[in-house]
Amino acid sequence: MTTDLRTRPARTTLVTRALLLRFVSIVGSSIGFYLPLSVVPLFAAQAGSDGGAGTVALLLATVACELVTPRLIAVLGYRWALALGLFLLGAPALVLTVASSTWVIIAVSVVRGAGFAVSVVAGGALTAMLIPAERRGEGLALVGIVGGVPGMLALPAGVWAAAHWGYEPVFVVTAAATLLAMLSLPGLPSRTPVAATGDHHGVLAGLRNGLVMRPAVVFAASAGAAGVLVTFLPLATGPVWVVAAALLAQPAASTAARWVAGRLGDRFGPGRLLSYGLVLSAVGMAAIAVTGSAAAVVGGALVFGAGFGVLQNATQALMYARVPAGGAGAVSAIWNAAYDLGMAAGALGAGLAVASVGTPAAFVLTAVAMLPGLAVVRRDRRP
């Protein structure tokens with residue numbers, strides 16, 4: 001018996017020319033955000049300013065602007081909104097080459113935060129449109145790798161470059177990376193999604209939609225744990241190499257898990273992966289609580305990273321699948337806001353717990369706090 005291969009349906013192409021062009025702006029925005037992220041506090045402290053004020057302003061502006069960006073997309077379209085975001089993210093960094101007062105740093109950080117919000121929300125909605133629906137999980141995983149690896153490298157590279165060459169080159173490269181990425185935008189779609197102009201597809205409607213918000217809540221819980229990890233792990237263990245290894249293991253495992261989750265989600269449905277991601281995240285965080293063991297800390301970071309990567313991919317794919325055409329901007333805004341607010345809330349809550357019960361117990365409490373998410377997953381039956 002023979003099989004006619006010509007009768008088999010062709011697999012939809014994932015990496016198209018438009019998606020390759022989109023990769024350029026993804027890399028540019030990732031470098032533009034992460035390269036100066038740890039440098040600005042050092043720059044501010046060296047200049048006698050408040051070292052943390054700029055970072056706080058950056059994050060607050062990011063969250064605030066993420067929720068209004070879908071309206072901007074409806075007015076400008078994907079391409080022009082993304083261009084505005086990249087410009088606001090990169091160009092203001094040049095101001096720091098000539099001024100270093102606290103208010104200048106805060107103002108630059110606010111504008112950069114707004115730019116990052118617009119670039120990730122508009123870019124995320126555009127990316128979702130460029131990925132075939134039947135390969136959405138795999139496509140989002142690939143996009144996560146394209147953006148995650150440059151960001152993971154840019155964060156320490158910025159500190160290293162500032163220590164060896166000074167602050168100005170870091171700020172110049174930040175601006176150059178984002179502004180040069182704008183050269184790729186003419187090849188991207190520019191149309192405004194017609195459905196997105198209606199209130200029934202906006203952010204407020206998304207916030208009232210349980211099918212969208214349940215995955216967002218689950219993801220926010222894991223993002224809160226990530227905020228605890230990156231904030232308090234350096235304070236909880238002795239050897240520096242343990243902290244460095246754990247902080248490298250976590251994003252590396254997340255990147256790999258996003259790819260695996262994307263492939264599995266496309267085959268079996270992303271909703272089936274949520275409980276696995278939550279359990280892995282909780283187990284990993286509980287293991288990190290054994291701060292006296294290097295193996296437990298690094299291994300826990302690996303397990304947590306795997307769970308976090310699964311949830312990053314599965315929640316995002318699930319949310320995009322649950323909105324009609326034109327709703328991608330609202331999903332992108334809500335998902336990114338859940339990420340940022342979750343991390344901030346986790347770090348703040350753990351800070352209060354650490355003062356009362358200590359860091360290891362705070363890690364255990366963080367693990368326990370993720371478990372109610374399983375009840376949310378049980379209610380979430382729609383694939």
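How many helices and how many strands does the secondary structure of the protein chain come to? The chain has 16 helices and zero strands, where helices (H or I, at least four residues) and strands (E, at least two) are DSSP runs numbered from the N terminus. The radius of gyration is 21 Å, close to the 21 Å given by the globule rule for 383 residues, so the chain is as compact as a globular protein of that length. This radius is taken over C-alpha atoms, and the globule rule is 2.2 Å times the number of residues to the power 0.38. The structure is a predicted model, in which local features need pLDDT of at least 70 and side-chain atom pairs count only at pLDDT 80 or more, while totals for chains, interfaces and linings use all residues. Residues are numbered from 1 along each chain as its sequence is written, and side-chain values use heavy atoms, with hydrogens and water left out.

Along the principal axes, the C-alpha atoms of the protein chain fill a box of roughly 70 × 45 × 45 Å. Of the 383 residues, 51% are buried (buried means under 20% relative accessible area, exposed over 50%, partly exposed in between; 1.4 Å probe, protein chains only). Contact is defined as heavy atoms within 4.5 Å. Among contacts between residues at least 6 apart in sequence, 86% join residues at least 24 apart. The chain exposes about 16,700 Å², of which carbon and sulfur atoms supply 70%; accessible areas come from the Shrake-Rupley method with a 1.4 Å probe, and for residues only the protein chains shown count as cover.

A search of the whole structure finds eleven aromatic pairs. Rings of Phe, Tyr and Trp (its six-membered ring) pair if their centres lie within 6.5 Å; planes under 30 degrees apart count as stacked, over 60 as edge-to-face and the rest as tilted. Phe-43 and Tyr-167 form an edge-to-face pair, at 5.3 Å centre to centre and 65° between the planes. This pair links distant parts of the chain, with Phe-43 in helix α2 (residues 39–46) and Tyr-167 in helix α8 (residues 167–181), 124 residues apart. Phe-43 counts as buried because its relative accessibility is 7%.

The ring centres of Phe-308 and Tyr-339 are 5.9 Å apart and their planes lie at 75°, so this pair is also edge-to-face. Here too distant parts of the chain are linked: Phe-308 is in helix α13 and Tyr-339 in helix α14 (residues 328–357), 31 residues apart. Phe-308 is buried at 3% relative accessibility, whereas Tyr-339 is partly exposed at 22%.

Not counting residues up to four places away in sequence, Ala-338 touches Ala-216, Phe-219, Ala-220 and Ala-223. The C-alpha atoms of Ala-338 and Phe-219 are 6.9 Å apart, although the two residues are 119 apart in sequence.

Gln-316 is found in helix α13 (residues 294–321) and counts as buried at 10% relative accessibility. Leaving aside neighbours within four places in sequence, Gln-316 is in contact with Leu-140, Arg-258, Leu-311 and Trp-335. Gly-292, in the loop between α12 (274–288) and α13, counts as exposed at 80% relative accessibility.
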